[in-house]
Amino acid sequence: MAPRPELRHGALAALCLTDPQQKVAAAQDLYAQSATLLVADHLGAEMKALSCAPAFPGRPARPALIHPAQVPRRSSASVAGRAALVHAICHIEFNAINLALDAVWRFDGMPRAFYLDWLRVASEEASHFSLLRAHLQGLAHNGQRWDYGDFPGHDNLWAMCEKTGDDVTARMALVPRTLEARGLDATPQIQAKLRQVGTPDALQAVDILDIILRDEVGHVAIGNQWYRWLCAQGGLEPVAHYRLLTERYAAPRLHPPFNDAARRRAGFTDEELAALLL
């Protein structure tokens with residue numbers, strides 16, 4: 001009898017895929033089967049060695065990865081500018097698939113619910129990527145069309161993922177509830193600019209961002225839940241420990257305006273929201 005498939009090995013296999021559509025399908029298929037899969041408490045050293053491979057994580061040859069300051073800024077008033085904007089968000093969502101899959105396979109000894117939560121996040125991020133990529137492919141101007149990879153991107157999200165690879169508490173603090181939570185603040189501002197443009201494709205992008213914002217509140221909430229659980233397990237005070245982690249890992253300082261309503265729905269407390277302004 002063949003052994004039952006194991007969820008964390010499957011997440012690592014999906015993470016190593018380089019083709020975006022294959023990664024999307026693998027993440028969503030794995031989540032669809034998750035209720036029936038075994039979850040290993042510990043992965044062997046030979047599995048963890050894969051994270052040291054030069055091609056880890058799996059991603060396509062394009063987009064070219066450059067420093068964030070070198071990523072060109074374009075006006076959303078033009079079709080090409082909106083294509084660049086959609087591409088930038090699409091790139092974030094592709095990275096978010098990898099971030100969630102990495103949380104599933106990397107951290108040993110967590111409750112089964114932790115792995116299922118982050119696999120659900122990976123599946124939803126895959127849906128976001130697919131929506132944005134399809135929208136990008138539908139844009140056209142003077143015979144030009146675009147696809148994922150046609151604009152450069154940066155690697156800030158994965159860089160923090162690497163820095164927190166040996167500390168699950170730091171990962172929960174600094175990826176979902178710091179870097180990804182920035183999307184809760186930025187999305188309404190992006191939507192406002194697109195509504196001002198008012199073209200059918202711009203308004204369609206607004207609708208896609210509504211779906212993403214709704215789901216991202218849930219993703220940040222998962223990060224908050226597990227960060228607080230880990231702090232409780234370790235006897236740590238969440239607000240004070242968060243401050244320590246931001247300094248230890250040189251996390252970016254967040255600046256207003258903040259989407260307080262979305263952050264509250266994601267589980268941030270009044271004390272945590274007040275601390276953002278210090």
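In helix α7, the residues V168, T169, M172, A173, P176, R177 and E180 meet a set in helix α9, including E216, H219, V220, G223, W226, Y227 and L230; contact here means heavy atoms within 4.5 Å. By class, this contact holds 9 nonpolar, 4 polar and 4 charged residues, where Ala, Val, Leu, Ile, Met, Phe, Trp, Tyr, Cys and Pro count as nonpolar, Asp, Glu, Lys and Arg as charged, and the others, Gly among them, as polar. What you are looking at is a predicted model, in which local features need pLDDT of at least 70, side-chain atom pairs count only at pLDDT 80 or more, and totals for chains, interfaces and linings use all residues. Residues are numbered from 1 along each chain as its sequence is written, and side-chain values use heavy atoms, with hydrogens and water left out.

Let us stay with this pair of helices. Helix α7 spans residues 168-180 and helix α9 residues 200-234; they pack at an angle of about 150°, with their axes 9 Å apart. Helices (H or I, at least four residues) and strands (E, at least two) are DSSP runs, numbered from the N terminus. Axes are lines fitted to C-alpha atoms, for helices over the stretch in contact, and angles run from 0 to 180 degrees between N-to-C directions. The two helices are therefore roughly antiparallel to each other; angles over 145 degrees count as roughly antiparallel, under 35 as roughly parallel, 65 to 115 as roughly perpendicular and the rest as oblique.

A second pair to find is α4 and α9, which pack at an angle of about 20° with their axes 12 Å apart, and so are roughly parallel to each other. Here R82, I89 and E93 in α4 meet D201, A202, L209, I212 and E216 in α9. This contact divides into 4 nonpolar, no polar and 4 charged residues.

Now for the interior. In soluble globular proteins, nonpolar side chains tend to be buried together. The largest nonpolar core in this model has 70 residues, and L101, M110, F114, W118, M172 and L174 are those with the most contacts inside it. Such a core is a set of buried Ala, Val, Leu, Ile, Met, Phe, Trp, Tyr and Cys residues joined through side-chain atoms within 4.5 Å; buried means under 20% relative accessible area, exposed over 50%, and partly exposed in between (1.4 Å probe, protein chains only). Helix α4 gives the most to this core, with 14 residues. Beyond its neighbours within four places in sequence, M172 is in contact with F114, W118, R177, G223, W226, Y227 and L230. Another core, of 12 residues, lies apart from the 70-residue one and has L184, L254, F258 and L276 among its members.

Leaving aside neighbours within four places in sequence, L277 is in contact with P256 and F258, yet L277 is exposed, with a relative accessible area of 59%.

Finally, some backbone details. Most residues other than glycine have a negative phi, and most peptide bonds are trans. The bond from P256 to P257 is cis, with omega near 5°, and P257 lies in the loop between α10 and α11 (260-265). A cis bond also joins R62 and P63, with omega about 15°. A250, found in the loop between α10 and α11, has a positive phi of about 50° although it is not a glycine.
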